[in-house]
Amino acid sequence: MAAIDWLILAGTLMTIVIYGTWKTRGMKNVQDYLRGGNEAKWWTIGLSVMATQASAITFLSTPGQAFHDGMGFVQFYFGLPIAMVIICVVFLPLYDRLKVFTAYEFLENRFDLKTRTLTSILFLIHRGSGAGITIYAPAIILSYILDWDLTFLNIVIGILVIIYTASGGTKAVTVTQKQQMAVIFTGMFIAFFVIIFKLPDGINFKNALEIAGVNNKMNILDFSFSLDKRYTIWSGLIGGTFLMLSYFGTDQSQVQRYLSGQSLKEMRLGLIFNGLLKVPMQFFILLVGVMVFVFYQFNASPINFNPQAQELVMQSNNVEAYQRIQDEYNQISEEKKETVYKYVNEKDHISSRERNELTSQIQFLGAVQNKLRGDAKALIQKSASDKNEKVETNDKDYVFIHFVLNNLPKGLIGLLLAVILSAAMSSTASELNALSSTTALDLYKRNSKKDLSEEQVVKISKWFTVLWGVLAILIACIANLFDNLIQLVNTIGSLFYGNVLGIFLLAFFFKKIRGNQVFVAAVITQVFILLFYYFAIFQLEQAGEQPLVSYLWLNFIGCILVIFISLISSLRDMDFMSNLTLLILTANLAKVVYDIFQTRNTHLLLILSIILLVIVLGWLDNLKSQTESS
Amino acid sequence: MNQQPTKDKWSRIYALVILANILYVLLFYLLMNSF
């Protein structure tokens with residue numbers, strides 16, 4: 001890396017940290033420290049919410065995802081706008097009316113203290129471990145690719161975040177996120193235009209899209225009902241809505257962002273802003289990845305972008321075999337390049353049959369490339385096994401950063417690294433801020449026998465921020481010692497999210513359900529989900545078998561189960577129609593569980609019908625409460 | 001009575017968000033079929 005890159009990288013990050021700390025110094029009251037003085041305008045909230053969700057992995061991994069699998073990943077976000085509208089209509093007015101500091105505070109108001117404490121603890125477990133991984137995930141990639149010391153990088157990212165988050169609280173997080181988003185957008189736009197500029201003469205943006213299309217990278221929408229495919233329009237709309245609803249509606253790291261809004265109107269507009277921009281933003285990041293793919297149609301690329309994997313195989317007995325695969329890959333790439341040129345130059349002057357032939361040829365060569373990539377991966381895996389080492393053979397996280405480091409001009413490399421580290425810092429800051437607020441308010445202050453002054457609460461919150469920050473750094477530093485830790489932490493989120501969302505949905509839509517019922521249901525659900533995960537997913541994966549369901553389905557199962565058990569326990573209070581619906585719901589759930597274990601298949605229609613039935617139940621319950629109260 | 005127009009306004013804004021996203025999907029569909 002050149003001196004100018006270091007200067008831009010360090011200058012950008014330090015400016016943000018110093019400005020954020022200076023601008024928000026001397027916070028003394030809780031309102032200022034934990035709700036940012038309720039000064040945030042809608043666009044600040046919108047940017048803050050987006051910056052919290054977009055972690056470094058978004059910018060490292062998403063372009064790589066598009067490079068390999070095309071743009072289908074954008075469908076994952078289709079549920080987000082629906083979730084935004086539901087949160088604006090249902091969640092926000094209640095949070096605003098009760099003037100809560102945390103989402104879990106609302107649950108005490110609606111149910112009881114033990115439900116609030118339980119959900120806070122569930123949040124602290126998964127977000128606390130998640131904060132470490134938010135630092136570790138980009139640090140490990142940058143340490144491999146730039147040969148930086150991993151521990152040093154973890155500590156630097158962590159300390160920079162702790163400085164301004166502990167000092168200025170929510171306001172510092174919001175202020176810095178605006179600048180971080182500015183850096184991120186500037187960097188990504190410049191990267192995009194540089195890629196287009198670097199395409200060979202005669203290849204313009206339209207041609208680039210055509211080349212991507214011929215290579216099946218423009219398959220944005222998938223309407224198939226298959227559950228085997230992770231990203232379809234249906235999984236995005238159904239699974240996505242559930243996931244985004246739990247993330248934006250009940251996760252304090254997001255809730256705290258919009259609670260800092262000036263008024264209900266600003267909060268709503270902030271979320272609407274997110275609902276309008278998120279899909280185009282993800283589309284754009286994926287498009288950058290597709291353009292990187294087009295760039296590598298005309299330029300040589302390694303067969304595997306992970307430098308650690310390359311190094312490992314180069315030092316093994318398989319080096320010659322690997323070199324042969326790389327040579328063959330280069331030869332195929334060269335042939336493909338000629339065919340792509342031919343296609344671009346001749347497509348308008350040849351018959352459709354000839355055009356189809358060229359397309360088929362390109363696709364065939366692409367398939368050969370993929371096969372060779374698979375062979376290379378197998379060889380890397382074999383080399384790793386021979387040496388008793390672990391290595392990530394999936395190189396999607398390394399594609400974009402490889403492009404940046406090898407093709408962007410001096411100065412821009414520093415800017416793009418600032419983009420990645422800014423994204424890591426913005427997410428971590430929101431997480432530490434939320435972890436500290438939840439610990440300070442939901443656990444410490446609520447259970448403290450002493451009457452704490454505002455200044456004391458702020459002081460305690462600051463210390464909790466430092467404590468969670470140090471814990472996150474420690475997790476990031478030891479993460480390397482455990483296999484598949486990133487995967488595990490991602491899974492941990494799914495173990496708790498469904499249950500917590502279910503509790504909130506019960507609070508909003510099932511007026512008659514009381515605290516005790518919810519608490520018991522939540523504890524049973526959590527135990528069930530943990531056992532289900534252990535036996536139906538974890539053990540099978542450890543044995544090298546296919547898990548019964550993808551862990552993402554745990555969100556859905558947890559949510560439905562907690563609602564279901566709460567309803568069962570309030571059965572006596574319900575009318576005939578509700579009982580009937582509950583009976584059908586039980587039959588449906590039994591069928592889903594049976595299908596999972598027997599045929600290893602879950603039917604989308606069945607799941608849809610369960611959702612529909614739960615909605616009917618909620619509606620009936622609400623209707624009855626309204627009639628009774630009037 | 002005073003709240004009615006405000007509610008209407010919000011409904012329109014929510015409809016706009018959903019509509020915008022439907023338009024994105026349509027645009028993706030067109031893009032997918034053009035390239």
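Guide: Contact means heavy atoms within 4.5 Å. Keep that in mind for this predicted model.

Visitor: How many residues does the contact take from chain B and from chain A?

Guide: Chain B gives 14 residues and chain A gives 26 residues.

Visitor: What area is buried between chain B and chain A?

Guide: The size of an interface is often given as the accessible area lost when the parts come together. Buried area is that loss with a 1.4 Å probe, summed over both parts. Here the figure is about 1900 Å², and carbon and sulfur atoms give 85% of the area. On the chain B side, Tyr14(B), Phe28(B) and Phe35(B) lose the most area to chain A, together 36% of what that side buries.

Visitor: How many salt bridges does the rule find across the interface?

Guide: A salt bridge needs a side-chain nitrogen of Lys or Arg within 4 Å of a carboxyl oxygen of Asp or Glu. Between chain B and chain A the rule finds zero.

Visitor: Where is confidence lowest and highest in chain A?

Guide: pLDDT is the predictor's confidence in each residue, from 0 to 100. Helices are DSSP runs (H or I, at least four residues), numbered from the N terminus. The lowest mean, 70, falls in helix H23 (residues 604-629) of chain A, and the highest, 95, in helix H12 (residues 264-298) of chain A. Chain A has a mean pLDDT of 87, and chain B averages 84. The model scores ipTM 0.89 and pTM 0.88.

Visitor: What should I know about numbering and cut-offs?

Guide: Residues are numbered from 1 along each chain as its sequence is written, and chains are lettered from A in the order in which they are written. Local features need pLDDT of at least 70, side-chain atom pairs count only at pLDDT 80 or more, totals for chains, interfaces and linings use all residues, and side-chain values use heavy atoms, without hydrogens and water.

Key. Helix = DSSP H or I, 4+ residues; strand = E, 2+ residues; numbered from the N terminus. Buried area = accessible area lost by both parts, 1.4 Å probe.
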